[in-house]
Amino acid sequence: MKNKSTSIPVAMLIKKFYCSRCGERLVKNPKTRTIRRGDPDYKEHSRIGHSHIIGDVEVTEYDFKCPSCGNITKYDEQCVIEKIQKKLDKTILSEGEILDHKADAKDQINKKTKIFNIIFTAITLAVLALILYFQIKSGDFSIEFHF
């Protein structure tokens, strides 16, 4: 019995990414592999919600492939390249340009991620505070969470 697991970042569906070598628009390149019980990755992919999957898991992950030059790039690496392309305002980059600006681009991505996490946590806490406030105000002291 094979179970399926697919992971694709939302930005990969929405944004347009371009090859740093030739400037061609990149396409999603699916990679499918089967993970068997006992493999190191099995524990990571053998859950759906709170239930465990029994049997092998067919995992599909995506990276980018250039239809013109065949260059294959991982999503995280392409996000860094995209930042550099925007900063330098050009699509085709040399290896030197990528190396020179890689650290700055990674820092920008890390800062955005930290800011997003802080905002998400603040909104979550605010919603929980409102729920508690309205329950206390109404005199109902039972708390139920429905997901």
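Good morning. In what follows, the axis of a helix is a line fitted to its C-alpha atoms over the stretch in contact, and angles run from 0 to 180 degrees between N-to-C directions. Two packed helices are described by the angle between their axes and the distance between the axes. The structure before you is a predicted model.

I begin with a pair of helices. Helix H3 covers residues 75-88 and helix H4 covers residues 95-138; they pack at an angle of about 105 degrees, with their axes 8 Å apart. Angles of 65 to 115 degrees count as roughly perpendicular, and H3 and H4 are therefore roughly perpendicular to each other.

Which residues in H3 meet H4? On the H3 side they are Cys79, Val80, Ile81, Lys83, Ile84, Lys87 and Leu88. Their partners in H4 include Glu97, Ile98, His101, Asp104, Ala105 and Ile109, together with Lys102, Lys106, Gln108 and Lys112. Sorted by class, this contact of H3 with H4 holds eight nonpolar, two polar and seven charged residues.

The largest pocket has a volume of about 240 Å³. Its lining is made up of Lys15, Tyr75, Asp76, Glu77, Cys79, Val80, Glu82, Lys83, Lys106, Ile109 and Lys112. H3 and H4 are the elements that give two or more residues to this lining, and the largest share, seven residues, comes from H3. By class, the lining of the largest pocket has four nonpolar, no polar and seven charged residues.

The second largest pocket has a volume of about 210 Å³. Ser7, Ile8, Pro9, Lys31, Glu61, Tyr62, Asp63, Lys74, Tyr75 and Asp76 line this second pocket. Strand E5, residues 56-65, and H3 each supply at least two residues of that lining. Which element gives the largest share of the lining of the second largest pocket? The answer is E5, with three residues. The lining of the second largest pocket divides into four nonpolar, one polar and five charged residues.

Finally, I come to the aromatic rings. A pair of aromatic rings is described by the distance of the centres and the angle of the planes. Counting rings whose centres lie within 6.5 Å, the model has five aromatic pairs. In one of them, the rings of Phe17 and Phe64 have their centres 4.8 Å apart and their planes at 45 degrees, so the pair is tilted. This pair links distant parts of the chain, 47 residues apart: Phe17 lies in the loop between helix H1 (10-14) and strand E2 (27-35), and Phe64 in strand E5. Thank you.

Note on methods
Residues are numbered from 1 along each chain as its sequence is written. This is a predicted model: local features need pLDDT of at least 70, side-chain atom pairs count only at pLDDT 80 or more; totals for chains, interfaces and linings use all residues. Side-chain values use heavy atoms; hydrogens and water are left out. Helices (H or I, at least four residues) and strands (E, at least two) are DSSP runs, numbered from the N terminus. Angles under 35 degrees count as roughly parallel, over 145 as roughly antiparallel, 65 to 115 as roughly perpendicular and the rest as oblique. Contact means heavy atoms within 4.5 Å. Ala, Val, Leu, Ile, Met, Phe, Trp, Tyr, Cys and Pro count as nonpolar, Asp, Glu, Lys and Arg as charged, and the others, Gly among them, as polar. On a 1 Å grid over the protein atoms alone, a cavity is a set of points where a 1.4 Å probe fits but cannot get out, and a pocket is an open set with protein on both sides within 12 Å along at least five of seven lines; lining residues have an atom within 4 Å of a point. Grid points are joined across faces, edges and corners, and a volume is the space filled by probe spheres set on the points. Rings of Phe, Tyr and Trp (its six-membered ring) pair if their centres lie within 6.5 Å; planes under 30 degrees apart count as stacked, over 60 as edge-to-face and the rest as tilted.
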